[in-house]
Amino acid sequence: MMENKHRFCVIMCGGIGSRFWPYSRSAKPKQFIDFFGTGRSLLQMSYDRILPLVPKENVIIVTNEQYAPLVKEQLPELNDNQILLEPARRNTAPCIAWAAYHINAIDPQASMIVTPSDHLITREREFEKAIEAGFDFVESHDALLTLGIKPSRPETGYGYIQVGNPESENILKVKTFTEKPDLQLAKVFFESGEFFWNSGIFLWSVESILNALHSYAPDLTNTFAKGIDTFGTPAEREFIDREFPGCVNISIDYAVMERAANVYVECVNFGWNDLGTWSALYDNSPKNAEANVTQNCRVLAYESKGNMFAVSGDKLVVVKGLNDYIIADAGDVLLVCPKADEQHIKQYVNDVKITYGDKFL
């Protein structure tokens, strides 16, 4: 691992995961939940996955300050200066900018992978090989590298990357980024072979990302530059608490990736899913003969097929004549919703907030 001492990993862990409501709640979002009954949450799986590639002491978790106890409970081996606590939610660009300034203060020669905490990756050896190749590339090029997933279907829930000329094996120049398309456009993308899903996983040197932020997001770098002497010191937290809430709320894609000239994509295929919805969890879970999924719960299902059952506690669920539904019971909230309508769950959450306040969120 000595040759990897300049390699860092930033795990972004501050999201709420409202599309997994009512299981994912503001007090314990989906990244802290063990969805597969393995004894490891999505965050812990993300951490385990990166350890063969990055020294344990170089793993940085960026999360909302309210989740500090959960992170420390689930990853007790990390020390406090490896957990960056955001005083406000400001999307991925401020999150990544802070992490880059923090790491730069520790090691100006660093390279880094930035990854969400809530993705599923099933072929971990392929993941390791892809990340090794990505690190090698960004350590020898002034490049911003994103991982592109070969699409398996016309998907409207992901952003897409159009690839251009090859730079090396599996690494190509990026032509365009496209946000989530409608179905007709997704079919065109899928059939063309030129488009890959945007995984939201990035690699770059600290120098390259700081230069890009300076060029394309000067408001952010002007803010962080005011505290340049505090990073890596006890004064860093006070500076962040004062200045971070004033950062613009913007994603790294909008702030940098869609504007910079030195953006590349590594085309990978390692069993990736962002587990953004109940249907995604259903698709990646073992099913019985009736294509029903039961998440650590007891179910008697009669003449019922294609359902997703996620029920907490010792409750027994008995259903008849129910097909292609989500049944999610989180104790104080029961959700019964057709899988085909799950895009409305965020609206249900908004309606619950309007009607009942934060009690059930």
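**Exercise 1. How many residues of the lining of the largest pocket are nonpolar, how many polar and how many charged?**

The model is predicted; local features need pLDDT of at least 70, side-chain atom pairs count only at pLDDT 80 or more, and totals for chains, interfaces and linings use all residues. Residues are numbered from 1 along each chain as its sequence is written, and side-chain values use heavy atoms, with hydrogens and water left out.

Step 1. On a 1 Å grid over the protein atoms alone, a pocket is an open set of points where a 1.4 Å probe fits, with protein on both sides within 12 Å along at least five of seven lines; lining residues have an atom within 4 Å of a point. A volume is the space filled by probe spheres set on the points, which are joined across faces, edges and corners.

Step 2. Describe the pocket. The largest pocket has a volume of about 1,500 Å³. Its lining has 39 residues, and Gly15, Arg19, Asn91, Thr92 and Asp118 lie nearest its centre.

Step 3. Sort the lining. Ala, Val, Leu, Ile, Met, Phe, Trp, Tyr, Cys and Pro count as nonpolar, Asp, Glu, Lys and Arg as charged, and the others, Gly among them, as polar. The lining of the largest pocket then has 11 nonpolar, 17 polar and 11 charged residues.

**Exercise 2. Which element supplies the largest share of the lining of the largest pocket?**

Step 1. Helices (H or I, at least four residues) and strands (E, at least two) are DSSP runs, numbered from the N terminus.

Step 2. Helix H3 (92–106), strand E9 and helix H9 (252–257) each give at least two residues to this lining.

Step 3. The largest share, 4 residues, comes from E9.

**Exercise 3. Is strand E4 buried or exposed, and which strands are joined to it by bridges?**

Step 1. Buried means under 20% relative accessible area, exposed over 50%, and partly exposed in between (1.4 Å probe, protein chains only). In E4 (residues 111–116), 6 of the 6 residues are buried, so the strand is largely enclosed by the rest of the structure.

Step 2. Look at the two faces. Ser111, Ile113 and Thr115 point one way, Met112, Val114 and Pro116 the other way, and all are buried.

Step 3. Find the partners. Two strands pair if DSSP finds at least two bridges between them. Strand E1 (residues 7–12) runs parallel to E4, with 6 bridges; Val10 has Val114 as its bridge partner. Strand E9 (residues 195–205) runs antiparallel to E4, with 4 bridges, and here Ser111 is partnered by Ser205.

**Exercise 4. How many disulfides are there?**

Step 1. A disulfide is a pair of cysteine sulfur atoms within 2.5 Å. By this rule there are 0 disulfides.

Step 2. Check Cys95. Cys95 is in no disulfide, and the nearest cysteine sulfur, that of Cys13, is 9.9 Å away. Cys95 is buried, at 5% relative accessible area.

**Exercise 5. Where is Ser251, and which residues does Ser251 touch?**

Step 1. Ser251 sits in the loop between H8 and H9.

Step 2. Its relative accessibility is 13%, so Ser251 counts as buried.

Step 3. Contact means heavy atoms within 4.5 Å. Not counting residues up to four places away in sequence, Ser251 touches Asn91, Thr92 and Ala93.
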